[in-house]
Amino acid sequence: MSIAAPFVSRVMDIENDWIDYNGHLNMAYYNVLFDRCSDDAFELMGMGPNYARDRKLTIYTAEVHVCYVQELHLDHKVTATFQLLDHDEKRLRVYQEIRHVDGWLAATSESLSLHVDMAGPKVAPFPADVLAKVEAMREAHAGLPMPERAGRSIGIRRKTG
């Protein structure tokens, strides 16, 4: 299995209903774009809709930090990336970017996802076959630099003096 580093989504359109009263993409729909990319990356690792249906195992999002960098509008086309920064036997740490097809950065997202046994629901280890695919993606992404925007926190910077 050849794994892109980072994984890049298909080109996605901005939908009319996603535009808010300010005339740009509503903040909630950046997450939809990130999620569509994540779904495709999870499918590559064996954790798509069939995984949830057949094995009753899935991915839940535990935490997300989104930075809105530049507005998107209705006529824009974008791609999103998925970079697996880290993982353990139950969790994935992912960094994503949404870029206009012309290359400029629109938004970033860093998330922590949990592998969940839907019978609980409870956090559970990845099965060996899926963990092997997670490790393969992590290995493919290991040569990428740590994104500058990864690991950010929210705060108000105060000037001193």
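This is a predicted model: local features need pLDDT of at least 70, side-chain atom pairs count only at pLDDT 80 or more; totals for chains, interfaces and linings use all residues.
**Aromatic pairs and the nonpolar core**

**W18 and Y29**
- The ring centres of W18 and Y29 sit 5.1 Å apart with the planes at 10 degrees, so this pair counts as stacked.
- W18 comes from the loop between β2 (12-13) and α1 (27-44), while Y29 belongs to helix α1, so the pair ties together parts 11 residues apart in sequence.

**F42 and F82**
- For F42 and F82, the ring centres are 5.7 Å apart and the planes meet at 85 degrees, so the pair is edge-to-face.
- This one links distant parts of the chain: F42 is in helix α1 and F82 is in strand β4 (residues 77-87), 40 residues apart.
- Both F42 and F82 are buried.

**The core**
- The largest nonpolar core has 32 residues, and L33, M47, L72, F82, L92 and I98 are the ones with the most contacts inside it.
- Two or more residues each come from α1, β3 (57-68), β4, β5 (91-100), β6 (105-117) and α3 (128-141).
- Helix α1 is the top contributor to this core, giving six residues.

**Around M47**
- Setting aside neighbours within four places in sequence, M47 is in contact with F42, I59, L92, H115, F126, V130 and V134.
- F42, one of those contacts, is also the edge-to-face partner of F82.

Terms used
Residues are numbered from 1 along each chain as its sequence is written. Side-chain values use heavy atoms; hydrogens and water are left out. Rings of Phe, Tyr and Trp (its six-membered ring) pair if their centres lie within 6.5 Å; planes under 30 degrees apart count as stacked, over 60 as edge-to-face and the rest as tilted. Helices (H or I, at least four residues) and strands (E, at least two) are DSSP runs, numbered from the N terminus. Buried means under 20% relative accessible area, exposed over 50%, partly exposed in between (1.4 Å probe, protein chains only). A nonpolar core is a set of buried Ala, Val, Leu, Ile, Met, Phe, Trp, Tyr and Cys residues joined through side-chain atoms within 4.5 Å. Contact means heavy atoms within 4.5 Å.
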